[in-house]
Amino acid sequence: MTPTDPTDWIKRCADRLYEQWPRADREILEDTAMDLLGSEKWRRLNPEVAAVAWLRQGVLVPQIEGVEPETVR
């Protein structure tokens, strides 16, 4: 991927997140995009692709000590 200006990357990523969540607060989506940019895993991707890949993870729930996650079938 060609290097992208961080401000542009955040805007493009937030725009894609907004397509999924049009009622979400734009500032929260931009904060989420900034968090994604802060991770090499997402930063190396095109911002729109990073947003979709992140969304495909589904709802992330913190692991609770002593509680095993249920297997989804």
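**Exercise 1. At what angle do α1 and α2 pack, and how far apart are their axes?**

Step 1: Start with the numbers. The axes of α1 and α2 lie 8 Å apart, and the two helices pack at an angle of about 125°. Here an axis is a line fitted to C-alpha atoms, for helices over the stretch in contact, and angles run from 0 to 180 degrees between N-to-C directions. Helices (H or I, at least four residues) and strands (E, at least two) are DSSP runs, numbered from the N terminus.

Step 2: Under 35 degrees counts as roughly parallel, over 145 as roughly antiparallel, 65 to 115 as roughly perpendicular, and the rest as oblique. So α1 and α2 are oblique to each other.

Step 3: α1 and α2 make a right-handed crossing. A crossing is right-handed if the near helix is turned clockwise from the far one by less than a right angle, and left-handed if anticlockwise.

Step 4: List who touches whom. From α1 come Pro6, Trp9, Ile10, Lys11, Cys13, Ala14, Asp15, Leu17 and Tyr18, and from α2 come Arg26, Leu29, Glu30, Thr32, Ala33, Met34, Leu36 and Leu37. Contact means heavy atoms within 4.5 Å.

Step 5: Sort them by class. The contact of α1 with α2 holds 12 nonpolar, one polar and four charged residues. Ala, Val, Leu, Ile, Met, Phe, Trp, Tyr, Cys and Pro count as nonpolar, Asp, Glu, Lys and Arg as charged, and the others, Gly among them, as polar.

**A quick note on the model.** You're looking at a predicted model, where local features need pLDDT of at least 70 and side-chain atom pairs count only at pLDDT 80 or more, while totals for chains, interfaces and linings use all residues. Residues are numbered from 1 along each chain as its sequence is written, and side-chain values use heavy atoms, with hydrogens and water left out.

**Exercise 2. How do α1 and α4 cross?**

Step 1: Helix α1 (residues 6-20) and helix α4 (residues 47-55) have axes that come within 8 Å and cross at roughly 45°. That makes α1 oblique to α4.

Step 2: The crossing of α1 past α4 is right-handed.

Step 3: On the α1 side you'll find Trp9, Arg12, Cys13, Arg16, Leu17 and Gln20, which meet Pro47, Glu48, Ala50, Ala51, Val52, Trp54 and Leu55 of α4. By class, this contact of α1 with α4 has nine nonpolar, one polar and three charged residues.

**Exercise 3. Which residues make up the largest nonpolar core?**

Step 1: A nonpolar core is a set of buried Ala, Val, Leu, Ile, Met, Phe, Trp, Tyr and Cys residues joined through side-chain atoms within 4.5 Å. Buried means under 20% relative accessible area, exposed over 50%, and partly exposed in between (1.4 Å probe, protein chains only).

Step 2: The largest core has 12 residues: Trp9, Ile10, Cys13, Ala14, Leu17, Leu29, Ala33, Leu36, Leu37, Trp42, Ala50 and Ala51.

Step 3: Zoom in on one member. Leaving out residues up to four places away in sequence, leucine 29 touches Ala14, Leu17, Tyr18, Trp21 and Ala24.

**Exercise 4. Threonine 32, glutamate 30 and arginine 44: buried, partly exposed or exposed?**

Step 1: Threonine 32 sits in helix α2. Its relative accessible area is 18%, so threonine 32 is buried. Beyond residues up to four places away in sequence, threonine 32 touches Leu17 and Trp54.

Step 2: Glutamate 30 is also in helix α2. With a relative accessible area of 32%, glutamate 30 is partly exposed. Again not counting residues up to four places away, glutamate 30 touches Ile10 and Ala14.

Step 3: Arginine 44 belongs to the loop between α3 (40-43) and α4. Arginine 44 counts as exposed because its relative accessibility is 55%.
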